[in-house]
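Student: Let's go through this one together. Can you take my questions as they come?

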Amino acid sequence: MMALQSEYQCGRLTVNVRALVEPKGFLRIIMLVIALLAFAITAGFNSSNSNRLECTAPNSTQTQSLVISFKYPYTPGDFSFSTAVNCSATFSRKTFSSSAQYFVGMGVLTMLYVIAALIIYMLFITPELYMAKWLILGDFFLTFLFGLLYLLADIAWSVGIADLRSFVEDGLRGLGLECLGCTGEVNLQTFVQPAVSVIFGWLAAFLWLTSLWFVYKDTHWHKDQSGPLASLYAKKKG
């Protein structure tokens with residue numbers, strides 16, 4: 001059985017495809033997928049008319065309903081309410097865009113950085129390139145920074161989801177009194193979609209901080225070097 005070639009020559013560049021299956025590169029690929037899922041789920045979340053209040057007004061036998069709708073990025077203009085009766089009530093809107101956009105932004109930045117890092121791993125982490133040492137150091141510090149920022153994004157979006165749910169519930173009860181003259185059962189959507197996005201976000205932060213160790217092993221600070229950079233150096237010495 002023919003073994004997979006670890007290096008390919010492309011003009012003057014040597015493409016080290018083995019970097020993709022080394023722990024550091026493989027974790028980057030997983031992070032790319034996780035980040036894509038996290039921000040896609042968050043940006044695609046909307047109410048789809050699932051948040052409603054149903055009640056029967058005094059001196060009436062007919063059940064009325066009121067619906068609050070919203071969508072990403074959860075600015076005041078992205079919230080609206082509808083009901084079968086004429087209602088001139090003022091819906092006090094809030095914004096939850098900062099935490100949501102921060103979370104989505106981290107997902108997009110993660111994708112861009114991971115793609116750039118994989119290209120660097122395959123093309124520029126070679127003993128022939130003097131700046132390879134500094135590229136590894138830059139990768140180490142940026143990996144730490146991204147891990148920290150993703151942790152903060154997860155915390156912010158977790159709080160944002162809880163606030164969003166409370167806001168919708170309180171809004172339904174308040175508008176129910178003003179528009180329908182009654183309060184009844186509030187039916188909220190499960191909010192499973194944003195909860196899943198938070199789980200993916202925590203996983204992404206964990207992968208960032210986990211990969212920090214493998215990046216550190218390729219720096220000059222680590223005495224017993226291993227990984228793509230060390231193997232390339234060993235190959236040159238041999």
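**Helix packing, sheet and loop**

Student: Does α2 pass α4 in a left-handed or a right-handed crossing?
Tutor: Helix α2 passes α4 in a left-handed crossing. Left-handed means that the near helix is turned anticlockwise from the far one by less than a right angle, and right-handed means clockwise. Helices here are DSSP runs of H or I with at least four residues, strands are runs of E with at least two, and both are numbered from the N terminus.

Student: What sort of model is it?
Tutor: This is a predicted model, where local features need pLDDT of at least 70 and side-chain atom pairs count only at pLDDT 80 or more, while totals for chains, interfaces and linings use all residues. Residues are numbered from 1 along each chain as its sequence is written, and side-chain values use heavy atoms, with hydrogens and water left out.

Student: At what angle do α2 and α4 pack?
Tutor: α2 (residues 97–123) and α4 (residues 192–216) pack at about 35°, and their axes are 12 Å apart. Axes are lines fitted to C-alpha atoms, for helices over the stretch in contact, and angles run from 0 to 180 degrees between N-to-C directions.

Student: Which residues make that contact?
Tutor: Phe-103, Thr-110, Tyr-113 and Tyr-121 on α2, and Ser-197, Val-198, Gly-201, Trp-208 and Val-215 on α4. Contact means heavy atoms within 4.5 Å. By class there are 6 nonpolar, 3 polar and no charged residues. Ala, Val, Leu, Ile, Met, Phe, Trp, Tyr, Cys and Pro count as nonpolar, Asp, Glu, Lys and Arg as charged, and the others, Gly among them, as polar.

Student: And how do α1 and α2 pack?
Tutor: They pack at about 155°, with axes 8 Å apart. α1 is therefore roughly antiparallel to α2; angles over 145 degrees count as that, under 35 as roughly parallel, 65 to 115 as roughly perpendicular and the rest as oblique. Their contact has 19 nonpolar, 4 polar and 2 charged residues.

Student: What about α1 and α3, at what angle do they cross?
Tutor: α1 (residues 23–43) and α3 (residues 132–180) cross at roughly 30°, their axes coming within 14 Å. They are therefore roughly parallel to each other. Lys-24, Arg-28, Ala-35, Ala-38 and Thr-42 of α1 meet Ile-136, Asp-139, Thr-143, Tyr-150 and Trp-157 of α3. That contact has 5 nonpolar, 2 polar and 3 charged residues.

Student: How many residues has α3?
Tutor: It has 49, and it reaches 68 Å from its first C-alpha to its last, close to the 72 Å expected at 1.5 Å a residue. The expected span is 1.5 Å times one less than the number of residues. Just after α3, Gly-181 takes a positive phi of about 75°.

Student: Switching to the sheet: what is the strand order?
Tutor: The order is β5-β4-β3-β6, an open sheet of 4 strands with antiparallel pairing. Two strands pair if DSSP finds at least two bridges between them. β5 (79–83) and β6 (185–187) are the edge strands, each pairing on one side only. β4 (residues 63–70) is joined to β5 by 5 bridges, and Ser-69 stands opposite Ser-80 in β5.

Student: Where does α3 lie?
Tutor: Across β3 (51–56), β4, β5 and β6, at about 140° to β4.

Student: Which residues does the cis peptide bond join?
Tutor: Tyr-72 and Pro-73, with omega about 10°. Pro-73 lies in the loop between β4 and β5. Tyr-74 is also placed in the loop between β4 and β5, and its phi is near 65°, a positive value in a residue other than glycine. Most residues other than glycine have a negative phi, and most peptide bonds are trans.
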